[in-house]
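Good morning, and thank you for coming.

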Amino acid sequence: MSEKNREGKRTARERLKAQQAVDDARSKRKKQLAVGGVVLAVIAAAVVVGVVVQNQRSKPDTPTAAPAGTIGDKNLVIPVGAADAPSVLTVYEDPRCPACGAFEREFSPTIDQLQDQGKLVVHSHIVSFIDRSLGGKGSKTAANALGCAQTAGRFRDYHDVLYRNQPDETSDAFGDKKTLLDLAKQVPGLSTPAFESCVNDGTYAGWVSAVQQDFDKSSFKSTPTLLLNGEPIYPKKGDEQISPDNLVKWVNEANQGKKLGATGSNGQSPAPSSTAAESNTPPSP
């Protein structure tokens, strides 16, 4: 073989080798692009799922039954006090929440007085998330019973009785419907067959879930959460610590020059029904 032929073969092998390297590199890039595409598709799918889930979370279910006199979007809010009162206290509470119990035991007389004077209306959101963290069903069962009391026109009194008799947070005593029915006997006019059926049947269970869903989508993370005319006041309003005296002062300051609301029916809407009054059971000693 001549030197010229040998040189020609070396050149051909080198060209083949170079072409093979080019082909291998192209194949590697294709594989990398394919893998990257799959990853992007998975990420995109996860984002879509996340958006869908978030959208679903942000839309509370519409309850099939809501307590009488409830207000707001999907009737999730229980109003207590004159509807035209110049100040609004928005309250988020869980029946099993010990901080809520401590707040209610200290502030209920003051809040009731402000309601009865037509100075304040409370917009009550009864949430039930403690069942999720501690187990049990006391938050939901008590929230349903409070809805039943609202329909009977006895929400405020029953609400105060529940918080005065609140069990330890880790106890699920409110999960026992008999406990809730026994406590209802402390509220004149509440312990009726209609109320008992409402509690035992969980008439407002869907409404209770919707109220909790509404809380979940809010920016609030704990209870009690309190807003006076939209401004947070718990545990402080600005630099001032909340106290019964300060709450009265803040409400009076906010109401300056404003007409007070109409009063009556123990601050309750709807008013207690005549049927409930006729079925009054004397309170327990």
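Predicted model: local features only at pLDDT ≥ 70, side-chain atom pairs only at ≥ 80, totals over all residues.

**Aromatic rings and a helix pair**

One aromatic cluster is formed by Y92, F129, F215 and F220. Residues are numbered from 1 along each chain as its sequence is written, and side-chain values use heavy atoms, without hydrogens and water.

Rings of Phe, Tyr and Trp (its six-membered ring) pair if their centres lie within 6.5 Å; planes under 30 degrees apart count as stacked, over 60 as edge-to-face and the rest as tilted. By this rule there are six aromatic pairs. One of them, F103 with F107, is stacked, at 4.5 Å centre to centre and 20° between the planes. These two residues lie four apart in helix α2 (residues 98-116), about one helical turn; helices (H or I, at least four residues) are DSSP runs, numbered from the N terminus. F103 is buried, with a relative accessible area of 3%, where buried means under 20% (1.4 Å probe, protein chains only).

Y158 and F195 form an edge-to-face pair, 5.6 Å centre to centre with 80° between the planes. This pair links distant parts of the chain, 37 residues apart: Y158 is in helix α5 (residues 155-164) and F195 in helix α7 (residues 193-201). Both Y158 and F195 are buried.

Which residues of α2 meet α5? Among them are C100, E104 and R105, with contact meaning heavy atoms within 4.5 Å.

Methods: Buried < 20%, exposed > 50% of the residue type's maximum accessible area, 1.4 Å probe, protein only.
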